[in-house]
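Subject: Structure handover

Hello,

Here is the structure for your files. My notes on it follow below.

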Amino acid sequence: MGGIRRNTKIMVESRLQEAARGDHGACYDLGICYQTGTSGVGVDLVEAHKWFNLAAVHGIVAAQQARTEVAEDMTAREIAAAQRAARDWIAGSQRRAA
């Protein structure tokens with residue numbers, strides 16, 4: 001069982017690194033992980049919305065649809081927190097690239 005957890009943790013870490021390098025598909029994949037609680041992460045709709053939002057702004061249609069679906073189960077405060085987290089991620093990415 002430990003090997004499975006380690007592998008799923010590595011997968012999430014890998015997708016985080018890919019997202020940091022601008023891979024918008026990785027952002028979508030992370031959204032799925034947090035929406036469904038797969039790959040060793042718990043269900044976290046704020047995180048899911050954040051990742052879907054980051055993918056959606058780069059034209060990934062499935063992310064736009066998933067973001068809308070997730071938002072239906074969130075409060076306005078949670079959506080605002082997710083949007084803030086997405087802006088923070090973008091700002092951090094721009095600082096890392098500079």
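A contact here means heavy atoms within 4.5 Å. Among contacts between residues at least 6 apart in sequence, 49% join residues at least 24 apart.

First, the conditions. This is a predicted model, in which local features need pLDDT of at least 70 and side-chain atom pairs count only at pLDDT 80 or more, while totals for chains, interfaces and linings use all residues. Residues are numbered from 1 along each chain as its sequence is written, and side-chain values use heavy atoms, with hydrogens and water left out.

Overall layout. The chain has five helices and zero strands, where helices (H or I, at least four residues) and strands (E, at least two) are DSSP runs numbered from the N terminus. Buried residues account for 33% of the 98 in the chain; buried means under 20% relative accessible area, exposed over 50%, and partly exposed in between (1.4 Å probe, protein chains only). The chain exposes about 5,800 Å², with carbon and sulfur atoms supplying 52% of that area, as computed by the Shrake-Rupley method with a 1.4 Å probe, counting only the protein chains shown as cover for residues.

The core. A nonpolar core is a set of buried Ala, Val, Leu, Ile, Met, Phe, Trp, Tyr and Cys residues joined through side-chain atoms within 4.5 Å. The largest one has 21 residues, and Ala19, Cys27, Trp51, Phe52 and Leu54 touch the most other members. H1, H2 (24–36), H3 (45–56), H4 (61–71) and H5 (76–97) each give two or more residues to this core, and H3 has the largest share, six residues. In soluble globular proteins, nonpolar side chains tend to be buried together. Beyond its neighbours within four places in sequence, Phe52 contacts Tyr28, Gly31, Ile32, Gln35, Ala63, Ala66, Arg67 and Val70.

Helix H2. Its buried residues are Ala26, Cys27, Leu30, Gly31, Cys33, Tyr34 and Gln35. Cys27 counts as buried because its relative accessibility is 3%, and Cys33 because its value is 5%. A search of the whole structure finds zero disulfides (pairs of cysteine sulfur atoms within 2.5 Å). Just after H2, Gly37 takes a positive phi of about 75°.

Arg15. This residue lies in H1 (residues 2–20) and counts as buried because its relative accessibility is 15%. Setting aside neighbours within four places in sequence, Arg15 is in contact with Asp23, Gly25, Ala26, Asp29 and Leu30.

Regards
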